[in-house]
Amino acid sequence: MTITTQSSQPGQPTLAQSLSAALAETQLRLINISRYPGQLALEIVIPIIFAAMPMLLGRATGGEDAAANFAANTGTANYVAYLLIGSNVFSLVSNAFWHIAYWLRFEQETGTLEAVYLTPTSTLTLASGVALYSIIRGLSSSLLAYVIGCLIFQVNPFQGNVLLALGFIAVGLLPLYGMALLFGAVVLKVKESNAVVNLMQWVVSFLMGIFFPVTVLPPFVRVIAWLFPPTWMTNGVRSALLGVGYFFGEWYADMAVLWAFMLVAPLFGFWVFQRTERSIQRNEGVGQF
Amino acid sequence: MPDSPRLLRGPAAFLSTLLAMAQKELMIMLRYPVEFVASFGQIFLIVTVLTLAGLMFAPRDAGAEGNSTTAGIVVYGFILFMFLSDTLWTIGYNVRRDQKQGTLEQLYLSPASKFANLLSRIAVSLVWTGLLCVTSAWLMSTLIGRLPAENLLPGALVLLFALSGLFGAGFAFAALTLRIKETAQTLANLLQFVFMVLCAPFFPFSALPEALQWVARLIPLSYGVDAFRSLLLGLPAGYPELAPLEVEIAIVVAFGTLMPIIGYWLYRLEEDSARRRGTLSEY
């Protein structure tokens, strides 16, 4: 017996054991998805096609002035990179919601969620493992989709401050998964994960300004948009790479807002998730779906 | 001497089976109110997002007319995209749902018409997706300005034939689902994206590179999108884009008439093969 396997409370896992469980969950999911290369390829293709829709529509309706009109409306004439950033951040957001929500729903439907609750490993440990898997999968496919998309449409993917853009993504991921946990709680409660996630990913895409600046939204909607971390993440990446302008004028001010989200959103997500869990355990039980 | 077991034959029995099955499908749909409301919100948001994206390419002083044409291109293309998506999932992939739930084999043991079973899935698509399309078009008109809505009757006829063809394609996809099983999910996703590019539901065909425009011309549904959109936009200069209107209508009518027959024939072939192999309930 080693010290790391001993716990302060009988039946409670140590930090090392929790970490090991989370990593095992990540590994399990990565092995599983590696068996579906077609699905992985599709994840790279989808954001490119999705960004191509407004690109083709805009080129056809805007004609020769398309780039100039786009610059007047958004602050950059590089609409290819602008739209690809939007579709890839959207892809990251969708992945976060789907992976967390679908994990819970899958366990519910296959009847293993109750068994998971009987193990000494907490669901939050497992959720962290799923989140790590989701980050690895989402980030790699989004980065690849952005680079390939830029190359297909013949623009330079590495213009602007790439490191700062990556910084905005890294800082934005934690609050994003905090939000995903909130939706995990909703799925536990209302069960219909597909409907909830489908709707929420579009609500967030609309609010974060997937293909347009949030300044075109009505003032009330704009305020709600600023409460969503993906809005700051998208604008931060666009400003770092394309110079469209930070919300507060300077990158560090916008980054500070994301840091604030990073501290608050995961804690809030954990709190809501645990409360929902306890409420369900006390009432109908987690086995019902 | 007791009567021999009776099969449910004849038009009355077929209609009764179809109604009962359509009622069952609609009842299942109503039992998921969150999904019901969420799908409406989702449609509205997708159309809004794409329309706003299109407007980013318009001059700032573009009038309401320019905006409503852009919205018209997106909304009318989106109507056909919605039905295609619904066809692939509700008609095609739903066979898989029955397999997973273990009810497909039981359905085949009953004396009810198999065609009615397949056809009943169209009911949900027509009722719910139709309602969604009308409401989202109305909402977009309220938000952006009146959508161009010319030639309503010919437009509706083109839509009718295009939908008939789509449902036929749905039957064919159901046949394919019986064969390829879970891979059908990835294929349905892929087909949706192929349609999004080649049938140009969200942008004019002229935006496609020349080579892809020729590929688009090989897909009958492209003519459905083009004719439907052009008619409702009031046949502006340059529309329809793929062929003269009469040619497009002839292709759409042929597609709407032949595809259901071909699709159902393929489904029966695959169904017989699955029964012989004993794989109908396998998943």
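The model is predicted: local features need pLDDT of at least 70, side-chain atom pairs count only at pLDDT 80 or more, and totals for chains, interfaces and linings use all residues. Residues are numbered from 1 along each chain as its sequence is written, and chains are lettered from A in the order in which they are written.

**Chain B**
- Chain B has 10 helices and 0 strands. Both are DSSP runs numbered from the N terminus: helices are H or I with at least four residues, strands are E with at least two.
- Along the sequence the pattern reads α-α-α-α-α-α-α-α-α-α.
- The C-alpha trace of chain B spans about 85 × 40 × 35 Å along its principal axes.
- Of the 283 residues in chain B, 43% are buried. Buried means 20 or more other C-beta atoms within 10 Å of a residue's own, exposed means 12 or fewer, and partly exposed lies in between; C-beta atoms are placed from the backbone.
- Among contacts in chain B between residues at least 6 apart in sequence, 81% join residues at least 24 apart. A contact needs C-beta atoms, placed from the backbone, within 7 Å.

**Contact between the chains**
- Chain B gives 34 residues to the contact and chain A gives 38.
- On the chain B side, α2, α3 (64–101) and α7 (183–198) each give two or more residues.
- α2(B) gives the most, with 14 residues.
- The chain B side divides into 23 nonpolar, 9 polar and 2 charged residues. Ala, Val, Leu, Ile, Met, Phe, Trp, Tyr, Cys and Pro count as nonpolar, Asp, Glu, Lys and Arg as charged, and the others, Gly among them, as polar.

**The α2 pair**
- The axes of α2 (37–62) of chain A and α2 (33–55) of chain B come within 8 Å and cross at roughly 40 degrees. Axes are lines fitted to C-alpha atoms, for helices over the stretch in contact, and angles run from 0 to 180 degrees between N-to-C directions.
- α2(A) and α2(B) are therefore oblique to each other. Under 35 degrees counts as roughly parallel, over 145 as roughly antiparallel, 65 to 115 as roughly perpendicular, and the rest as oblique.
- The helix contact uses A:M53, A:P54, A:L57, A:G58 and A:T61 of α2(A), and B:L50, B:A53 and B:G54 of α2(B).
- These residues divide into 5 nonpolar, 3 polar and no charged.

Technical notes: Two residues are in contact if their C-beta atoms, placed from the backbone, lie within 7 Å.
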